[in-house]
Amino acid sequence: MTTTATPANTTATARTEAPGPAPGSTPVPVLWLALLATPVAAAANAPVLILPDMAASLGVGTSTAAWLVAAFAWAMAVSIPLLAGLLRRRGLAPVLRLSTALLLGGTLLVAASPWLPATLLGRAAQAAGGAGLVAAAMSLAGSARRMGVISAGFGMLGASGPLLGAQLSHTVSWRLSLSVSLVSLLAVPAVSRYAKAPAATAGPQGRFDARGAALLTVLATALVLLPHAPAVALGSAAVAAALLALHVRRRPDGFVPAALLRSPLFVGSALLALALSTSYFTLLFAVPRLLGDRAGWDVTTAGTGQLVALLTGSALSWLLAAGSARMGRTAVRTVLVATGTLAAALAVFASWGPLLLMATLGGVFGATGANAVLSMQAASSVPDPQRPTAIGLFTLCYQLGGAFGPAIATALVLGS
């Protein structure tokens, strides 16, 4: 999006939006980008209500079957920066081909495997394929307004995922519920045809930094496992972080560019997104229990109310993204911090059901708004060739909230 009225508006736009498509290129219609990226959100949440059915079918306990959720979250978190790095080096077409192959192969494995280990592998492949499509869509968005459409779609489909998964499971099979991300592939031909952004034409950039990629993967894996095995994960994360820091000093233009880590804009955007994402996922799991304990709502009423709140908050986040260029960076961040703080305060102190739902609405508004606006700010902090890397590392920080939030909710609310 561009503005031409005043120099102040032009400055605001530069502050909140990443560079757009290359001159002379045709931007990918944003609805194709949303279709490419958002079905993975529904796939991620589809198992929430059907874990007992999945466990019975695989002959394992429900707690063991829950690793299908954890495996998906882990693969999403570690694959987004890896495939964003591939996008930076090789361009769009290889990422779309690899992501399609991973998504198809993983879905076939999930559909046919009677054993949990193979099904776990299939879910991880599905998540990796979806991560590549997400990285491509975010890199091609080009503006906070367009990114807002993608982010709002994430929130809406993520909110609808459990109900959609349950309906498909009861009507056909739980295996079909885990295959909804295949819908993304409908957008691949159109995105391939339209896309001419810098990321789509990037060429080789020297020897691949395999050590940097491996260290980042170990660090991300340790952080994802932190809620499940704190002592081991914390020690592993500390070692991996130290080794990665030394590696970045030796190779500042490698898989994790030193310029990103030295950019206050990138670091501030990523950390704020992590905080808001963690808050949102905490509320997502905690509020239904709080509605029952404090307001006396039954499970059906609480679930319906939360679904409406999530859909509303996701839709409203697009308005923030659409107006972010005119508001300026400071105003946008003030709105995000204030909304996130208010949402947390309502969850702590409110006992009236509608106020608790407002906490959920505020949480999803802050998280999806941050994903839309702050990702563009993070991308604007580096030259065009490094935009996919910046977005990949930013999204990794956001995804970590999905690992931390449920663990915090369990410790503070669900475990009591």
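## Exercises on contacts, a bend and a pocket

F281 is buried, with a relative accessible area of 18% (buried is under 20%, exposed over 50% and partly exposed in between, with a 1.4 Å probe and protein chains only). The model is predicted, so local features need pLDDT of at least 70 and side-chain atom pairs pLDDT 80 or more, while totals for chains, interfaces and linings use all residues. Residues are numbered from 1 along each chain as its sequence is written, and side-chain values use heavy atoms, without hydrogens or water.

**Exercise 1. Find the partner of R251 in a salt bridge and state which parts of the chain the pair ties together.**

Step 1. The structure holds two salt bridges (a side-chain nitrogen of Lys or Arg within 4 Å of a carboxyl oxygen of Asp or Glu). R251 pairs with D209, and their closest N and O atoms are 3.8 Å apart.

Step 2. R251 sits in the loop between helix 14 and helix 15 (258–261), and D209 in the loop between helix 12 (198–201) and helix 13, so the pair ties together parts that are 42 residues apart in sequence. Helices here are DSSP runs of H or I, at least four residues long, numbered from the N terminus.

Step 3. R251 is buried at 18% relative accessible area, and D209 is buried at 5%.

**Exercise 2. Classify the aromatic pairs by geometry.**

Step 1. There are two aromatic pairs (ring centres of Phe, Tyr or the six-membered ring of Trp within 6.5 Å; planes under 30 degrees apart are stacked, over 60 edge-to-face, the rest tilted). F208 and F255 form an edge-to-face pair, at 6.1 Å centre to centre and 85 degrees between the planes.

Step 2. This pair links distant parts of the chain, 47 residues apart: F208 is in the loop between helix 12 and helix 13, and F255 in the loop between helix 14 and helix 15. F208 is partly exposed at 37%, while F255 is buried at 7%.

Step 3. Y280 and F281 form a tilted pair, with 4.8 Å between centres and 50 degrees between planes. Y280 is buried at 8%.

**Exercise 3. Locate the bend in helix 16 and the residue that follows the helix.**

Step 1. Helix 16 bends by about 40 degrees at A286 (the angle between axes fitted to the seven residues ending there and the seven starting there). The proline P288 follows within four residues.

Step 2. G296 comes after helix 16, and its phi is positive, near 75 degrees.

**Exercise 4. Sort the lining of the second largest pocket by residue class and name helices that supply it.**

Step 1. The lining divides into 19 nonpolar, no polar and no charged residues (nonpolar: Ala, Val, Leu, Ile, Met, Phe, Trp, Tyr, Cys and Pro; charged: Asp, Glu, Lys and Arg; polar: the others, Gly among them).

Step 2. Helix 13 (210–225), helix 14 (230–250), helix 16 (264–295) and helix 20 (387–414) each supply at least two lining residues.
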